[in-house]
Amino acid sequence: MTIIKDTHFKRVGESVKPDAKKRVVLPQPPATGVTYHVYINSLGQIVLDPQVTIPASELWLFQNPEALASVRRGLADAAKGKVSKVDAASL
């Protein structure tokens, strides 16, 4: 299992200490809506691996490779400006 996907770390705080309840406050606010898997190695170094959840109603998309590939193609086309207008009334 690969946890470290980018080895370019930057220091975001110094001498941060846990509070009385053993909580550590992060000096820079993380993204909203993110939870973390927490890993620790034999040296005591800690890695927070950000995670997001998806609604159960959207899980089917990630379990269907063809549908996911189609969505990704559509997003790539939109990023390249390959879009066209559709008259909603004609649908």
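Biologist: Where is valine 16 found?
Modeller: Valine 16 is found in the segment before S1. Keep in mind that this is a predicted model.

Biologist: Buried or exposed, or partly exposed, for valine 16?
Modeller: Partly exposed, because its relative accessibility is 42%, and that class lies between the 20% and 50% cut-offs.

Biologist: Which residues form the nonpolar patch on the surface?
Modeller: Val16, Val24, Leu26, Val38, Ile40, Ile46 and Leu48. Together they have about 650 Å² of accessible area.

Biologist: Which elements give two or more residues to that patch?
Modeller: Strand S1, residues 35-40, and strand S2, residues 46-51.

Biologist: Staying with S2, where is aspartate 49?
Modeller: In strand S2 itself. Aspartate 49 is buried and has no salt bridge.

Biologist: What does the side chain of aspartate 49 make a polar contact with?
Modeller: The side chain of glutamine 51, at 3.2 Å.

Biologist: New topic, H2. How many residues, and how far does it reach?
Modeller: Helix H2 has 15 residues, 65-79. From first C-alpha to last it reaches 21 Å, close to the 21 Å expected at 1.5 Å a residue.

Biologist: What caps the N-terminal end of H2?
Modeller: Asparagine 64. One of its side-chain oxygens lies 3.2 Å from the backbone nitrogen of glutamate 66.

Biologist: And which glycine follows H2?
Modeller: Glycine 81, with a positive phi near 85 degrees.

Terms used
Residues numbered from 1 in each chain as written. Predicted model: local features only at pLDDT ≥ 70, side-chain atom pairs only at ≥ 80, totals over all residues. Heavy atoms only, no water. Patch = residues over 30% accessible without salt bridge, like charges linked within 9 Å, V, L, I, M, F, W, Y side chains within 5 Å. Areas by Shrake-Rupley, 256 points an atom, 1.4 Å probe, with all protein chains shown as cover. Salt bridge = Lys/Arg side-chain N within 4 Å of Asp/Glu carboxyl O. Helix = DSSP H or I, 4+ residues; strand = E, 2+ residues; numbered from the N terminus. Buried < 20%, exposed > 50% of the residue type's maximum accessible area, 1.4 Å probe, protein only. Expected span 1.5 Å × (residues − 1). Polar contact = N/O pair within 3.5 Å; in protein donor to acceptor, adjacent residues only side chain to side chain. Lys, Arg positive; Asp, Glu negative; His and termini not counted.
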